[in-house]
Amino acid sequence: MTSINMNSFTVRRMTTIALLAAILTVGRIGFAVIPNVQPNTTILIIASFALGPLHGLFLAIISTMTTNLFLGHGLWSFGQMIAWGTIAIISGFLGRYRHHIPWILLILYSAFCGFLFGLIMSIIMGGIMIQKFWPYYLSGLPFDLNHAIGNIAFFIILYKPLLTVMEQQLNKDVTKKAAC
């Protein structure tokens, strides 16, 4: 059994997570008028690349809770936490290898995450809650496609600038520790 390294929970890292949660909340609310198109999944992927799987998971949970304070909580909130949490964990592990993955595959991965989110939500809401997975899943595919296309657009725009800023901020932790 692995334990959580409490040294990784620095003030800078926790502040970064809080700031990203605020950005995700505003981004999702701002794009709420376009069905399933929002920067959340993309920012969560990029943040998890830099922060790792555990901190990405925390970000997924916090941002879902804060966003749904405005958009409404319900049983779907748990599904969203599980779906975005799964994406954050996968992205956190994938982030270790992102420098070796071709750019086009990272873009395709962001699109895949749009469909993965829809699949997980369909399993939870359509499979477990109402026991009609296939109708629920198939009727949601156009929305999943919107999500995937939105992820591609946001990924192309946000990947390099957001990752650069995050890595610079997080590297300040490392240089500060090395200087001590």
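P135 sits in helix α6, where helices (H or I, at least four residues) and strands (E, at least two) are DSSP runs numbered from the N terminus. At 52% relative accessibility, P135 counts as exposed; on this scale buried means under 20% relative accessible area, exposed over 50%, and partly exposed in between, with a 1.4 Å probe and protein chains only. Between P135 and S122 there are 13 residues of separation in sequence and 9.3 Å in space, C-alpha to C-alpha. The model is a predicted one, in which local features need pLDDT of at least 70 and side-chain atom pairs count only at pLDDT 80 or more, while totals for chains, interfaces and linings use all residues. Residues are numbered from 1 along each chain as its sequence is written, and side-chain values use heavy atoms, with hydrogens and water left out.

Now for the overall fold. The chain has six helices and zero strands, so from the N terminus on the elements simply run α-α-α-α-α-α. The radius of gyration of the chain is 17 Å, close to the 16 Å that the globule rule gives for 180 residues, so the chain is as compact as a globular protein of that length. That radius is taken over C-alpha atoms, and the globule rule is 2.2 Å times the number of residues to the power 0.38. The C-alpha trace spans about 60 × 35 × 30 Å along its principal axes. Buried residues make up 44% of the 180 residues. As for contacts (heavy atoms within 4.5 Å), 77% of those with a separation of 6 or more are between residues 24 or more positions apart. The accessible surface comes to about 9,700 Å², and 74% of it belongs to carbon and sulfur atoms; such areas come from the Shrake-Rupley method with a 1.4 Å probe, and for residues only the protein chains shown count as cover.

Next comes the inside. In soluble globular proteins, nonpolar side chains tend to be buried together. A nonpolar core here is a set of buried Ala, Val, Leu, Ile, Met, Phe, Trp, Tyr and Cys residues joined through side-chain atoms within 4.5 Å. The largest one holds 34 residues, and L20, F49, L59 and F155 touch the most other members. Each of α1 (11-30), α2, α3 (53-71), α4 (75-94), α5 and α6 supplies at least two residues of this core, with the largest share, ten residues, coming from α5. Leaving aside neighbours within four places in sequence, L20 is in contact with I43, A47, L51, L59, L162 and M166.

Rings of Phe, Tyr and Trp (its six-membered ring) pair if their centres lie within 6.5 Å; planes under 30 degrees apart count as stacked, over 60 as edge-to-face and the rest as tilted. By this rule the count comes to eleven aromatic pairs. In one of them, the rings of F49 and Y159 have their centres 6.3 Å apart and their planes at 85 degrees, so the pair is edge-to-face. F49 lies in helix α2 (residues 40-51) and Y159 in helix α6 (residues 133-179), so this pair ties together parts that are 110 residues apart in sequence. Both partners are hidden away: F49 is buried at a relative accessible area of 4%, and Y159 is buried at 8%. Y159 also pairs with W103, their ring centres 5.2 Å apart and their planes at 50 degrees, so that pair is tilted. Here too distant parts of the chain are linked, as W103 is in helix α5 (residues 103-129) and Y159 in helix α6, 56 residues apart. W103 is partly exposed, with a relative accessible area of 33%. Ring pairs join F49, W103, Y109, F112, F155 and Y159 into a cluster. The charged end of K160 sits over the ring of W103, 5.1 Å from its centre; this label asks for NZ of Lys or CZ of Arg within 6 Å of the ring centre and within 35 degrees of the ring normal.

I90, in helix α4, is partly exposed at 36%. Not counting residues up to four places away in sequence, I90 touches Y109 and L116.

Finally, the loop between α1 and α2 holds Q38 and N36. Q38 counts as buried at 8% relative accessibility, and beyond residues up to four places away in sequence Q38 touches G27, R28, F31, W84, H147, N151 and F154. N36 counts as partly exposed at 29%. Most residues other than glycine have a negative phi, but N36, not a glycine, has a positive phi of about 65 degrees.
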